Amino acid sequence: MIPRDHPRYRSLVIRERIADAALKGIVAMEGVGAHGRGEAFDYLIGEKTTESALLAEKTAAALFLSAKKPVISVNGNTAALAAQEIADLQEATGAAVEVNLFHRTEKRVEKITALLEEEGVEVLKGKFERLLPLSHDRALCLRDGIYTCDVILVPLEDGDRCSALSAMGKTVIAIDLNPLSRTAKSASLTIVDELTRALPNITGSCSHLKGEEIEKLIRDIDNKYFLRSAVKEIMGNLADAMD
Ligand code: ATP
């Protein structure tokens, strides 16, 4: 039991959720490592949504609202941490939800699908085909989902797939606490924020964004600005620690 008054209560609860999901076979052991890297960057960023991340989240909502065929790609870590938040985002955007795993087994796909459905997510199903130009199993996707989408949200992605999706002409929105990652650099829009903080902010923005504001947010997208702002935030926090 983690005491509620622990100064890092939220982070510890999230870590416990990842550990439980790993024991249940929902999160791959490699996913536990990836979570640790995320935690380290979150510490450096101050475990809060920065002003620039909030703008990126609003911009993500604008991209979803103007998309013809949006898709949310879900892996084990995302399902374990944010199944409910994915359900809410799906309701706000009408996006399809597709399970896509790096460490893929049919059993894990089934477990993740069941977990998402328990929280009210409508999971896209069908015949998975090797349609993405990648050599590993992340190439597998649904023709009616990721393959033909125009906007795709890839929380906690790896750089190869993010680049492949961008090269296919898709607008890729990444959520990644590491502003130095290949994913962060190759996405159309990178949200440098923790997954469970970022998703409700995107969903919240969907309910109040209107025509002209949506167009302006999309016109002004400058991913380098979002990455630089995150690095500056980290540098500021490191400088403060030297005082
Ligand atoms: P790349 O190929 O993009 O350089 P990578 O190979 O390091 O990155 P992964 O090992 O798949 O990518 O790691 C996923 C990324 O997700 C890490 O950069 C980590 O910072 C980030 N991450 C992990 N947990 C969270 C979380 N809860 N919220 C946001 N980002 C997270």
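Predicted model: local features only at pLDDT ≥ 70, side-chain atom pairs only at ≥ 80, totals over all residues.
Setting aside neighbours within four places in sequence, Asn178 is in contact with Arg37, Phe41 and Ala184. Asn178 sits in the loop that runs between strand 6 (171-175) and helix 7 (182-186). With a relative accessibility of 10%, Asn178 counts as buried, because the limit for that class is under 20%.

Strand 6 itself contains Thr171. Is Thr171 buried or partly exposed? Its relative accessible area is 25%, so Thr171 is partly exposed. Not counting residues up to four places away in sequence, Thr171 touches Leu63, Asp150, Val151, Ile152 and Ser188. Ile18 gives a sense of scale for this residue: Thr171 and Ile18 are 153 residues apart in sequence, and their C-alpha atoms are 29 Å apart in space.

Another loop residue, Glu194, is found between strand 7 and helix 8. Glu194 has a relative accessible area of 7% and is therefore buried. When neighbours within four places in sequence are left aside, the contacts of Glu194 are Arg10, Ile14, Asp42, Leu81 and Leu177.

Attention now turns to charged pairs. Side chains of opposite charge can pair when their charged atoms come close. In this model the count comes to 17 salt bridges. One of them joins the side chains of Lys69 and Asp144, with a distance of 3.1 Å from N to O. Lys69 belongs to the loop between helix 3 and strand 1 (70-74), while Asp144 belongs to the loop between strand 4 (140-142) and strand 5 (151-155), so the pair ties together parts that are 75 residues apart in sequence. The two partners can also be described by their accessibility. Lys69 is partly exposed, at a relative accessible area of 29%, whereas Asp144 is exposed, at 55%.

Glu129 and Arg143 form a further salt bridge, in which the closest N and O atoms are 3.0 Å apart. This pair links distant parts of the chain, for Glu129 lies in strand 3 (residues 128-130) and Arg143 in the loop between strand 4 and strand 5, 14 residues apart. Arg143 has a relative accessibility of 42% and so counts as partly exposed.

Where does the pair of Glu157 and Arg161 stand, buried or exposed? Glu157 and Arg161 form a salt bridge whose closest N and O atoms are 2.8 Å apart, and both residues are buried.

The empty spaces of the model complete the picture. Rolling a probe the size of a water molecule over the atoms shows where empty space is left. The largest pocket has a volume of about 940 Å³. Its lining counts 40 residues, and those closest to the centre of the pocket are Gly31, Ala34, His35, Asn77 and Leu156. Which helices each supply at least two residues of this lining? They are helix 1 (9-23), helix 2 (29-45), helix 4 (76-93), helix 7 and helix 8 (195-206). Helix 2 gives the largest share of the pocket lining, with 10 residues. By class, the lining of the largest pocket has 16 charged, 13 polar and 11 nonpolar residues.

The structure also holds one cavity of 30 Å³ or more. About 40 Å³ of space lies in the largest cavity. Its lining is made up of Thr50, Ser52, Ala53, Ala56, Thr190, Ile191, Val192, Phe226 and Ala230. At least two lining residues come from each of helix 3 (51-66), strand 7 (189-191) and helix 10 (223-242). Helix 3 provides the largest share of this lining, three residues. The cavity lining divides into six nonpolar residues, three polar residues and no charged ones, while the lining of the largest pocket includes 16 charged residues.

Methods
Residues numbered from 1 in each chain as written. Heavy atoms only, no water. 1 Å grid on protein atoms, 1.4 Å probe; cavity = no way out; pocket = protein on both sides within 12 Å on 5 of 7 lines; lining within 4 Å. Points joined across faces, edges and corners; volume = space filled by probe spheres on them. Helix = DSSP H or I, 4+ residues; strand = E, 2+ residues; numbered from the N terminus. Nonpolar A, V, L, I, M, F, W, Y, C, P; charged D, E, K, R; others polar. Buried < 20%, exposed > 50% of the residue type's maximum accessible area, 1.4 Å probe, protein only. Contact = heavy atoms within 4.5 Å. Salt bridge = Lys/Arg side-chain N within 4 Å of Asp/Glu carboxyl O.
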